[in-house]
Amino acid sequence: MSATTPSICVFCGARGGVDPAYVADAQAMGRAIAAHGWRLVYGAGDVGLMGEVARACIGAGGDSFGVIPTHLMQGEVAKRDLGTLVVTETMHERKKVMFSNSDAIVVLPGGAGSLDEFFEVLTWRQLGLHARPIYILNTGGYWTPLAGLVDHIIAQGFADASLRGFFTLCDSVKDVVAGLEGALAR
């Protein structure tokens, strides 16, 4: 963890999803990051849940660090009013820079990209490459099937039971924030 301002890496969708609760929770997460004086680290997009969390954080006076690969500068509409904007060549480099500049990970609802990001940091945790806390915001039960899949992987002998302990499924932004407060205070 950094000796300075804690940074929270948020992985989430470049779309807003069908449930208005996804947007509401993304906005609440952005405001909570700002209210705690943490820095938002995210994919630098100004669309979908990415844009919502960033606008809420910045609007509440929070600091932001966005990372986007060149090929998504237009598609994800790179946000220009960030505290820091890093442009990478590849998606893999994007994930590495985001991860390297964070103290904790929060996963909001999202699609294949969010799953890729989650499974990469989960795998790194399983391999002992980091000990950062990983929180999954389970808005409206969105990630319940994911937790079931991880449980199935364990039950079928493809992972040790410890895998389930490497992330925390939370039903509210309040629960995510409480977890972050405890983890970042250590």
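Are Phe118 and Phe167 buried or exposed? Phe118 is buried, and Phe167 is buried as well, where buried stands for under 20% relative accessible area, exposed for over 50% and partly exposed for what lies in between (1.4 Å probe, protein chains only). The model is predicted, with local features needing pLDDT of at least 70, side-chain atom pairs counted only at pLDDT 80 or more, and totals for chains, interfaces and linings using all residues. Residues are numbered from 1 along each chain as its sequence is written, and side-chain values use heavy atoms, with hydrogens and water left out.

Rings of Phe, Tyr and Trp (its six-membered ring) pair if their centres lie within 6.5 Å; planes under 30 degrees apart are stacked, over 60 edge-to-face and the rest tilted. One of the pairs joins Tyr22 and Tyr142, which is edge-to-face because the planes stand at 75°, with the ring centres 5.5 Å apart. This pair links distant parts of the chain, 120 residues apart: Tyr22 belongs to helix H1 (residues 20-35), Tyr142 to the loop between strand E6 (134-137) and helix H5 (144-155). Helices (H or I, at least four residues) and strands (E, at least two) are DSSP runs, numbered from the N terminus. Tyr22 is buried at 13% relative accessible area, whereas Tyr142 is partly exposed at 31%.

Phe118 and Phe167 also pair edge-to-face, at 5.4 Å between centres and 90° between planes. Phe118 sits in helix H4 (residues 112-126) and Phe167 in the loop between H5 and strand E7 (168-170), so the contact ties together parts 49 residues apart in sequence.
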